[in-house]
Structure formats: C-alpha cells, structure tokens
Amino acid sequence: MKCVFQVRSSSSDVKFCWQKSSGNYLAITGVSNVVSLYNRHGQCKSEATVVLPGDCTSMDWDKDGDLLAITHDKDGVLFLLSSSTFEVTQLDTGLKDTLSLCCWAKHSQLLAVGTSKGNLLLYNHRKGRKIPIAGNTPRRLHVQLGVQSTVAGVVAPGSTVLPCPGGILCNDILCVYRNLLALGSVDRTFTISNAEGDTLRQTTLRAEPYNIAFSCTKSEKQTSEETAVSIIIGHKTLFLYDMDNADNPVELAFQPHYGDIAAYTWYEDGFIMLGFSNGFLVVISTHKDEIGQELFQSRNHKNYLGDVGLSSVLGQAATCGDHSIKVHELTDLKEVYHIIDVDEDKGELRKLQWTEDGQLLTVSTSKGHVLTFLVKLPMLGEANGTRLVYLSSLKEVTVVNNVEEEPAVVHEIALEPAFVALGPFHFAVGMNDRTWIYDNEGRVSEQTYLGTISSLYLNGLYVAALTDGKIQMHMIDPSSNGPEKFDDQDNMDSHSQSHESRTFPDEGRDDVISCMGMTNDFLIYATTTGILQYFFLEDWQYVDDFRHIVAITKLFPDNGGTQVVFIDEKSDGFLYNPVTNAVMEIPSFPPNVIGVLWDNWPLDKHSIFAAYTDTNISTYVFYRDTIKGPECVLVGVTKLPFGHKPIMFYNGEVSCLTLAGKLQVIRLQTHSYQDDQDLSEPEKQIVNGNAFMQVTYSMHKYFT
C-alpha cells in the first residue's frame with residue numbers, strides 16, 4: 001500500500017475525521033488550535049481553516065458530508081464548517097460548561113452536543129432548533145458518543161465513536177437511537193431515556209461503562225431494527241442489552257491474557273470484532289446459540305493493539321499496533337491481506353479510519369502524525385490491441401504494452417478520473433462531462449460535452465463520447481496530421497475540413513443510443529429499440545444496419561469491427577457478422593456478463609472471445625466452417641480471482657486490474673496446455689476421451 005500523504009500536528013492527541021458520503025476531505029486538528037481540511041491528495045484547503053479559542057474536544061461530519069461540527073474546551077460556542085462554501089458558523093449552544101463532544105445522527109441533520117457536566121443539547125440544523133436536555137445525573141458525560149436515527153424504521157448498523165481527549169475527566173457515555181437516549185454513568189448505571197430526558201429503563205452495571213453502540217443481534221428472524229445496545233464494562237467485559245429481551249442482559253468476559261478491550265465494531269449479521277490491548281483480535285457472534293463462543297482469535301500484534309476499523313464496502317478489517325497496520329478479508333480472517341509498516345520514529349499507532357468508499361485508510365500516532373494510505377483504487381483500465389492504460393494511483397495512469405515488451409510509461413494527470421480510454425496514439429481521462437486527452441508529449445486537448453459521459457472511445461483520429469443517448473464524435477486534434485492513413489497533405493486537409501465532427505443519431509431521428517464501440521475504421525452503436533448500426537469513418541456514411549427484436553444494452557466489436565458480440569435487455573448474448581448480416585445466439589451465455597474481450601493473438605485462425613462476470617471467465621470459439629455450418633462453442637470456464645477486472649486477452653492470457661492498481665495476468669483453463677505443450681500418448685488418450693479437452697486440443701493444433 002502506498003502512503004498518499006501525511007500531516008504532522010503539534011499535539012500528541014491529534015484528532016482526524018473523514019468526510020462522510022463523498023470522502024473528499026479529511027479534517028485534522030493542527031497547531032495553534034486550528035482545524036484544517038485536506039483533500040484526498042493531501043493538499044490543504046487554506047480557505048477552509050477554523051481557528052478555535054481553545055483545544056478541540058471533538059468533531060464530526062453530518063450524514064451527507066455538508067457540515068463539520070467542532071467543539072472546544074473554552075466556552076459553549078459550537079463551530080460549523082460548510083464543505084461547499086467553506087463558511088464558518090458559530091452557534092451559541094447556551095450551555096455554560098465545557099463542550100466535550102458532538103455527533104451527528106446517521107440519517108438526519110440532528111446534532112447531539114454534550115458537556116463535561118452531564119448536560120446534553122440536541123440541535124436540529126434543518127429547523128434551526130435547539131433542545132437542551134439536563135443530565136439525569138450530575139456526573140460528567142463521557143466524550144464517546146454514538147448517534148443513530150432512522151429512515152422508515154430502517155437503521156444502518158454501528159455507531160460513531162469519538163476518542164476521549166487527554167486531560168479531561170469524563171466517565172459517562174451516551175447514544176441516541178429512534179428518539180431514545182442510552183446513557184452510562186460513573187455511578188455504574190445504564191439508563192435509556194426519551195428525548196425529553198424521562199427515564200424509561202435503568203440497569204445497574206458492575207463497573208464503569210465505555211464505548212456504547214446500537215446494532216442488531218443475530219437471530220433467526222432477519223431484521224434491520226437495532227434493538228441491541230453494547231457497552232464495554234471496565235475495559236474488561238462486553239455488556240449486551242437487548243431492548244426486546246430487557247430482563248436477560250448478557251455480559252461476556254474474555255481471557256485475561258488478552259488485556260483490556262481497546263476497540264470493537266459490529267459488522268454483518270450480528271458479529272462483533274474486538275481488539276485487545278495485548279494485540280489480540282477476536283470475533284464473536286451474538287446469536288443466542290453462539291454467545292460466548294470465539295469464532296476467530298489471532299494475535300495480530302506482539303506488544304499492543306491501538307484500534308480496529310472496518311470497511312463494509314471492501315469487506316475488510318484493519319488493526320493497528322506495533323508500528324504496523326494489518327488488513328484482513330472478512331471472508332477469510334486467518335489470512336493477512338496487507339501489512340503496512342510505519343516508521344518507529346513516528347510514535348505508537350493510536351486510531352484508524354477508512355473512507356466510506358474504502359479507498360483510503362488513515363491512522364494517527366502518539367507523536368501527532370496522521371498518515372493516509374491508498375488501499376483500493378477504482379479499477380479503471382482499457383485496452384487498444386495489446387496496449388493497456390490503467391489508473392495506477394489517484395492522479396496517475398500507466399500506459400504499457402507487455403506483449404511487445406515496451407517499457408511502462410507513467411503519466412501524472414490533472415484529476416482523479418471516473419473513466420479512462422485508449423487509442424493508438426493517445427489516452428483520455430475524464431469525469432462527469434469533461435475529458436482530457438494526452439499523448440506522449442503531454443495534454444493535447446480538453447473537451448466539455450453536453451451531458452454526463454457514460455462511455456468514451458478513441459481511435460487514431462477521432463474521439464467519441466456517449467452522453468444522454470447521443471454520440472458526439474470529433475477529431476482529437478483538428479490541427480494535427482492524425483494517423484498515417486492519408487497519402488498526401490491535400491487529402492488530409494480535405495478530409496479534416498469535411499469530417500471534423502458529427503452527432504449521432506442524425507437530426508430528425510429520435511433513436512436513443514444505449515451503447516457504442518469504435519475501431520480504426522468504424523463507429524458502431526446500438527439503440528434502445530434494437531437497431532445496430534455501422535458508420536464507416538473513411539467514407540463518412542452508414543454501411544450496415546441490423547434490427548434486433550429487443551433493446552441492445554452492450555456491444556463489443558473485435559479489433560477490425562468485422563464481428564461484434566452484443567447483449568440485449570434479456571441478458572442474452574449474440575454474435576453478429578456485418579459482412580453477411582448473420583446473427584447467432586451464443587450458447588450457455590452467463591446472465592450477468594460485465595464485458596467481453598476478443599483474443600488479440602495475430603495467429604488466431606478462429607474467432608476466440610471471453611465473456612466475464614464478477615466470478616468467472618467463459619471462453620468461446622467461433623468456427624466459420626463445420627459440418628453443421630458456422631458454430632459458436634463454449635470451450636471452458638475459468639474462475640476469476642476476487643477483486644480482478646479483465647481488460648485484455650492475448651493467446652490464452654488475460655491481463656487483469658487489481659484493487660491495488662496493479663496488473664496481474666491469469667492463464668485461462670482452456671489454454672492450460674501451454675504450460676506443458678508436449679503431450680504424451682497416455683495424455684492424448686485422455687484428451688480423446690474428454691469432449692472438453694478435445695476442443696482444447698483442437699485449439700492447440702490450430703495455434704501451433
């Protein structure tokens with residue numbers, strides 16, 4: 001994993017908080033009581049700094065990432081920072097004692113603000129209404145706070161937990177759920193109250209409570225109602241209180257050599273992952289038949305464990321401690337997926353947090369460092385022949401041709417793109433309605449289109465963008481000579497003047513284009529009414545059309561455009577030949593195909609293509625001449641490793657992008673003979689007795 005950026009604070013108790021939803025900004029407490037925003041590339045937004053009158057005690061983003069709430073230890077004024085305008089609003093809470101915590105509800109603009117003396121304020125930002133609630137106990141509120149709210153009775157699991165700032169003596173905890181307040185106090189009582197402060201239920205605990213959260217216990221009936229409350233008792237045990245079974249709370253103890261409970265998190269269907277101070281990671285279930293059983297246990301760190309974090313998007317969990325971060329797949333916790341080492345001189349690792357999209361993981365240290373690592377990249381990559389372009393870092397793309405053994409060229413780009421495209425001489429990146437086109441000399445052109453781009457293709461001369469059911473095609477650079485397609489300058493100038501740009505469909509037609517592809521010679525597109533059309537670029541006219549019975553949703557032409565695989569709205573796949581106007585349904589075509597790759601091997605005597613899903617790659621061969629006539633055959637299925645996206649197919653090898661922004665080549669099962677091409681006589685007998693291997697071996701004979 002790559003460290004994207006790091007920030008140094010003067011305080012050992014540095015706080016940080018990733019913006020919810022979009023995850024564009026990281027808020028960090030810096031020097032001189034300043035809270036600053038950093039973008040995903042580590043650039044500080046100087047116009048978005050908040051100077052506090054005292055030390056920051058807590059901060060939290062609202063559910064949409066629009067507002068950052070900040071509290072401090074000097075007075076009762078709350079600071080609100082807008083992420084869109086960077087304006088700072090000061091809100092007088094009316095509370096006379098020190099503000100020690102704040103936390104937004106997950107599904108509304110309700111903010112809870114707590115004080116060091118046990119008072120609570122609920123602030124409805126949408127209505128501008130403040131609701132002060134006096135504490136049920138004169139003791140102080142703990143600075144860990146979880147806030148929940150619901151939409152139509154459905155609640156997202158987990159709660160937000162904020163770290164306790166050093167030097168403040170706070171011993172209570174509080175959580176808000178469906179207008180209920182869960183409070184734990186230093187006098188070892190646990191109370192559930194309504195929003196007006198009236199006590200509904202009260203339970204005595206064995207020791208002081210910490211880290212409260214609402215979630216769903218595992219049960220036979222599937223429900224999203226968060227009726228369970230979990231609390232750490234005395235840093236040693238986990239207290240589970242089910243509001244549907246209030247008379248039978250459960251308190252779970254763990255082996256003493258694990259140490260204190262440092263952190264925990266709920267995930268999936270009622271599982272709880274706990275990190276212990278002596279470095280142990282433990283997973284338990286809350287199912288009534290499994291309570292008390294450890295489903296997983298590992299000593300992740302030798303000396304200490306600081307925090308546990310989970311990304312539901314990636315299905316991964318991370319722990320920090322002993323100057324390293326260890327990442328596990330939730331589906332196989334026994335294996336360590338990644339290890340990130342952090343220099344010892346940066347101090348002990350304290351807290352960690354993922355962005356909601358799982359791309360970035362941030363950790364803080366005891367010496368005030370905040371380090372952000374790139375965990376997952378958007379899998380953006382395209383092929384043009386055997387050349388590949390792919391996103392290798394947030395603002396970096398790599399162009400490579402491993403088949404021709406050309407060295408990889410890394411290009412810094414202007415933005416974090418949403419899509420990439422590749423032609424023979426250029427590559428393009430873009431997002432929303434804008435594209436930037438580069439060549440080996442740098443940026444060539446920038447273009448803004450009439451709508452959001454859903455797909456983009458390049459050839460040697462043109463770029464075509466599909467936006468809102470229409471294609472805008474134009475020359476990449478009208479001033480250039482383009483590819484070596486024209487014999488003299490006069491022909492080139494004449495072509496450029498008459499064929500600079502075109503919009504599809506033609507004026508007066510109401511077709512809605514659903515998908516497209518482009519080769520060096522043809523622009524090919526399909527419509528929602530099932531029309532498939534070929535436009536010949538050199539003659540600047542339509543040369544073929546085909547009408548399918550239902551809408552066509554995806555199409556994938558081969559390199560020359562002489563064959564195209566298309567998928568219709570029924571998820572059926574077809575092979576079309578524009579020369580003969582013949583169409584053939586592809587047998588055993590998977591219903592959830594994401595894309596189709598054509599084999600780029602120049603010695604291929606048959607048409608070989610591979611259709612891939614999230615889990616498998618199905619390989620097909622099209623035989624033009626058999627005793628039955630033209631025939632398309634499924635010759636094998638290869639399992640696709642998790643987190644891999646195929647982008648290029650060459651002679652049985654598929655180049656795939658990984659979540660880490662790397663290329664990995666996998667060998668298709670149908671081409672496994674290439675690992676040992678000398679078949680013995682017994683092996684030939686096995687081939688002769690197996691229909692699948694007969695097809696594989698016949699492919700072998702044609703290839704050699």
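## Reading strands, cores and buried side chains

Four strands form an open sheet in the order S2-S3-S4-S5, and their pairing is antiparallel. The model discussed here is predicted.

Q: Which strands stand at the edges of this sheet?
A: Strands of a sheet pair through backbone hydrogen bonds, either parallel or antiparallel. Here strand S2 (16–18) and strand S5 (50–51) stand at the edges; each has a single partner strand, so one side of each is left without a neighbour in the sheet.

Q: How many bridges join strand S3 to strand S4?
A: Strand S3 (residues 25–29) and strand S4 (residues 34–39) are joined by five bridges and run antiparallel.

Q: What is the overall secondary-structure content of the chain?
A: The chain has three helices and 60 strands. Of its 704 residues, 55% are buried. Among the contacts in the chain with a separation of 6 or more, 44% are between residues 24 or more positions apart. The chain exposes about 30900 Å², of which carbon and sulfur atoms supply 46%.

Q: How is a nonpolar core to be read, and which residues have the most contacts inside the largest one?
A: In soluble globular proteins, nonpolar side chains tend to be buried together. The largest nonpolar core in this model has 26 residues, and those with the most contacts inside it are Leu26, Ile28, Val389, Val397, Ile413, Phe427 and Val429. A second, separate core has 18 residues, including Ala228, Leu238, Trp266 and Leu274.

Q: Which residues are in contact with Leu26, leaving aside its neighbours within four places in sequence?
A: With those neighbours left aside, Leu26 is in contact with Phe5, Phe16, Cys17, Trp18, Ser36, Leu37, Tyr38, Thr362, Val370 and Thr372.

Q: Why is strand S23 described as largely enclosed by the rest of the structure?
A: The burial of its residues is the criterion. Strand S23 covers residues 261–267, and five of its seven residues are buried, so the strand is largely enclosed by the rest of the structure. S23 is joined by six bridges to strand S24 (residues 271–276), and the two run antiparallel. Within this pairing, Ala263 stands opposite Gly275 in S24.

Q: Which residue in the hairpin of S23 and S24 takes a positive phi?
A: Three residues lie between the two strands of this hairpin, and Glu268 takes a positive phi near 50 degrees.

Q: How many of the residues of strand S48 are buried?
A: Strand S48 (residues 531–536) is mostly covered, with six of its six residues buried.

Q: Which strands are joined to S48 by bridges?
A: Strand S47 (residues 522–527) is joined to S48 by five bridges, and six bridges join S48 to strand S49 (residues 541–547). Both pairings run antiparallel. Ala526 has Leu532 in S48 as its bridge partner, while Phe535 has Tyr542 in S49.

Q: What do the turns of these hairpins contain?
A: The hairpin of S47 and S48 has three residues between the strands, and Gly530 in the turn has a positive phi of about 90 degrees. The hairpin of S48 and S49 has four residues between the strands, and Trp540 in the turn has a positive phi of about 55 degrees.

Q: Is Gln472 buried or exposed?
A: The cut-off for burial is under 20% relative accessible area. Gln472 is at 16% relative accessibility and therefore counts as buried. This residue lies in strand S44 (residues 470–475), and its side chain reaches the backbone nitrogen of Leu450 at 3.3 Å. Leaving aside neighbours within four places in sequence, Gln472 has contacts that include Tyr449, Leu450, Val463 and Arg502.

Q: Which backbone nitrogen does the side chain of Asn124 reach?
A: The side chain of Asn124 reaches the backbone nitrogen of Lys127 at 3.1 Å. Asn124 lies in strand S12 (residues 120–124) and, at 18% relative accessibility, counts as buried. Leaving aside its neighbours within four places in sequence, Asn124 is in contact with Gln109, Leu110 and Arg129.

Q: How many disulfides does the model have?
A: A disulfide is a covalent bond between the sulfur atoms of two cysteines. With a cut-off of 2.5 Å between the sulfur atoms, the count comes to zero disulfides. Cys103 is in no disulfide, and the nearest cysteine sulfur, that of Cys102, is 7.3 Å away. Cys103 is buried at 0% relative accessibility, and Cys515 is buried with a relative accessible area of 7%.

Conventions: Residues numbered from 1 in each chain as written. Predicted model: local features only at pLDDT ≥ 70, side-chain atom pairs only at ≥ 80, totals over all residues. Heavy atoms only, no water. Core = buried A, V, L, I, M, F, W, Y, C linked by side-chain atoms within 4.5 Å. Buried < 20%, exposed > 50% of the residue type's maximum accessible area, 1.4 Å probe, protein only. Contact = heavy atoms within 4.5 Å. Polar contact = N/O pair within 3.5 Å; in protein donor to acceptor, adjacent residues only side chain to side chain. Pairing = 2+ DSSP bridges. Areas by Shrake-Rupley, 256 points an atom, 1.4 Å probe, with all protein chains shown as cover.
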